[in-house]
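My notes follow in the order I looked things up.

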Amino acid sequence: MSIRRVVPDIHSQDLEGSREFYGLLGFEEVMNLGWVMTMASPENPTAQVILMTEDRGAPDTPPDMSVEVDDVDAVYAAVVAGGATVVRELRDEEWGVRRFFVRDPNGKVVNVVSHR
């Protein structure tokens with residue numbers, strides 16, 4: 001299993017204001033679905049923040065952070081075998097990712113994801 005990036009998921013009701021703020025820090029918009037936006041460093045594209053008004057795939061359990069891995073199925077199997085609390089089962093999303101949510105020991109929800 002290889003981790004590709006770790007990104008905080010920042011809940012925002014003002015995506016435009018958040019984009020402007022993170023732009024001041026040097027981030028640029030690289031993805032925008034209207035409800036979720038990814039901002040990245042132009043010099044280091046894996047340095048990112050995710051801004052979201054909601055998680056349309058899981059509106060009742062929005063994640064606190066996202067971890068992109070190379071093999072989400074293997075990580076899911078390890079998490080289940082390790083007895084961690086899965087709060088959203090492994091599934092394919094219409095926007096091209098395969099993911100699941102797991103709760104860490106501090107109560108934070110982690111979105112574990114691979115791009116298809």
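I counted two strands as paired if DSSP finds at least two bridges between them. Helices (H or I, at least four residues) and strands (E, at least two) are DSSP runs, numbered from the N terminus.

The model is predicted, so I noted that local features need pLDDT of at least 70 and side-chain atom pairs pLDDT 80 or more, while totals for chains, interfaces and linings use all residues. Residues are numbered from 1 along each chain as its sequence is written, and side-chain values use heavy atoms, without hydrogens and water.

Strands. I found S1 and S5 antiparallel, joined by five bridges. S5 (residues 65-69) also runs parallel to S8 (residues 109-115), with four bridges. Ser 66 of S5 is the bridge partner of Val 7, and Ser 66 stands opposite Asn 111 in S8. Four of the five residues of S5 are buried (under 20% relative accessible area; exposed is over 50%, partly exposed in between; 1.4 Å probe, protein chains only).

Ser 12. I located Ser 12 in the loop between S1 (3-11) and H1. Ser 12 counts as buried because its relative accessibility is 6%. Its side chain reaches the backbone nitrogen of Asp 14 at 3.0 Å. Leaving out residues up to four places away in sequence, I listed Ser 18, Met 52 and Thr 53 as touching Ser 12 (heavy atoms within 4.5 Å).

Leu 24. I placed Leu 24 in helix H1 (residues 15-24). Leu 24 counts as exposed because its relative accessibility is 72%.

Notes:
A polar contact is a pair of N or O atoms within 3.5 Å; within protein, one must be able to donate a hydrogen and the other to accept it, and residues adjacent in sequence count only if both atoms are side-chain atoms.
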